[in-house]
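Please examine the sequence and the model shown here before reading on. The briefing that follows is arranged by topic.

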Amino acid sequence: MKHVLFDLKECPSDLLDDETYIKDSLINAANAAGCKIIKTEIHKFEPQGVTGYVLLAESHLSMHTWPEKGIAKCDIFTCSSNNDPKAAVEYLRNQFKAMEVRRWTCDRSL
């Protein structure tokens, strides 16, 4: 079981405030990690910011954005050794054109 918390930094603000782009990106990141998607939810804040998550059969993937700061705070938790959470991180890094990624990984095996 792996839990990766990561921050995408110095991202273009327009990408971080686009709820459709974020929803599609989360779905594609979950697929890149080899996860099975159960449900996706997105919420757009006013005047800016988006929170979204993908509920996975293996756990979850989430993103919270601060467009005014160019930051997205994310995490992916998977309980299957068949998944590759690092692939999701790299997909999102590229998708949001992050200039920096800060990452913390936790092995949550029993």
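**Briefing: side-chain pairs, surface and backbone**

The side chains of Glu41 and Lys39 form a salt bridge, with N and O 3.8 Å apart; the term denotes a side-chain nitrogen of Lys or Arg within 4 Å of a carboxyl oxygen of Asp or Glu. The model is predicted: local features need pLDDT of at least 70, side-chain atom pairs count only at pLDDT 80 or more, and totals for chains, interfaces and linings use all residues. Residues are numbered from 1 along each chain as its sequence is written, and side-chain values use heavy atoms, with hydrogens and water left out.

**Salt bridges**

- A search of the whole structure finds 5 salt bridges.
- In the pair described above, Glu41 is partly exposed at 35% relative accessibility, and Lys39 is partly exposed at 39%. Here buried means under 20% relative accessible area, exposed means over 50%, and partly exposed lies in between (1.4 Å probe, protein chains only).
- Lys73 and Asp7 meet through their side chains in a salt bridge of 2.9 Å, N to O. Lys73 belongs to strand S5 (residues 71–78) and Asp7 to strand S1 (residues 2–9), so this pair ties together parts that are 66 residues apart in sequence. Helices (H or I, at least four residues) and strands (E, at least two) are DSSP runs, numbered from the N terminus.
- Lys73 is partly exposed, with a relative accessible area of 36%, whereas Asp7 counts as buried at 9%.
- Lys44 and Asp17 also meet in a salt bridge, at 3.0 Å from N to O. This pair links distant parts of the chain, 27 residues apart: Lys44 is in strand S2 (residues 37–44), and Asp17 is in the loop between helix H1 (13–16) and H2.
- Lys44 has a relative accessible area of 22% and is partly exposed; Asp17, at 23%, is partly exposed.
- Glu90, Arg93 and Arg103 are linked in a network of salt bridges.

**Aromatic pair**

- The count comes to 1 aromatic pair. Rings of Phe, Tyr and Trp (its six-membered ring) pair if their centres lie within 6.5 Å; planes under 30 degrees apart count as stacked, over 60 as edge-to-face, and the rest as tilted.
- The ring centres of Tyr21 and Phe96 are 5.4 Å apart and the ring planes stand at 85 degrees, so the pair is edge-to-face.
- Tyr21 lies in helix H2 (residues 19–32), while Phe96 lies in the loop between helix H3 (85–95) and strand S6 (100–107), so the pair ties together parts that are 75 residues apart in sequence.
- Phe96 is buried, at 0% relative accessibility, whereas Tyr21 is partly exposed at 23%.

**Surroundings of Glu58**

- Glu58 is placed in the loop between S3 and strand S4 (59–66), and it counts as buried at 13% relative accessibility.
- Apart from neighbours within four places in sequence, Glu58 is in contact (heavy atoms within 4.5 Å) with Gly34, Cys35, Lys36, Phe77, Thr78, Cys79, Ser80 and Asn83.
- The side chain of Glu58 reaches the backbone nitrogen of Lys36 at 3.1 Å.
- Glu58 and Cys106 are 48 residues apart along the chain, and their C-alpha atoms are separated by 16 Å.

**Nonpolar surface patch**

- Ile38, Tyr53 and Leu55 form a nonpolar patch on the surface, with about 260 Å² of accessible area together. Accessible areas come from the Shrake-Rupley method with a 1.4 Å probe; for residues, only the protein chains shown count as cover.
- Patches are made of residues with over 30% relative accessible area and no salt bridge: like charges are joined within 9 Å, and nonpolar side chains (Val, Leu, Ile, Met, Phe, Trp, Tyr) within 5 Å.
- Tyr53 lies in strand S3 (residues 50–56) and is partly exposed at 32% relative accessibility.

**Backbone features**

- Glu46 and Pro47 are joined by a cis peptide bond, with omega about 10 degrees. Pro47 lies in the loop between S2 and S3.
- Ser59 is not a glycine, yet it has a positive phi of about 150 degrees. Ser59 is found in strand S4 and counts as buried at 18% relative accessibility.
- Lys97, also a residue other than glycine, has a positive phi near 50 degrees. Lys97 is found in the loop between H3 and S6 and counts as exposed at 53% relative accessibility.

Conventions: A polar contact is a pair of N or O atoms within 3.5 Å; within protein, one must be able to donate a hydrogen and the other to accept it, and residues adjacent in sequence count only if both atoms are side-chain atoms.
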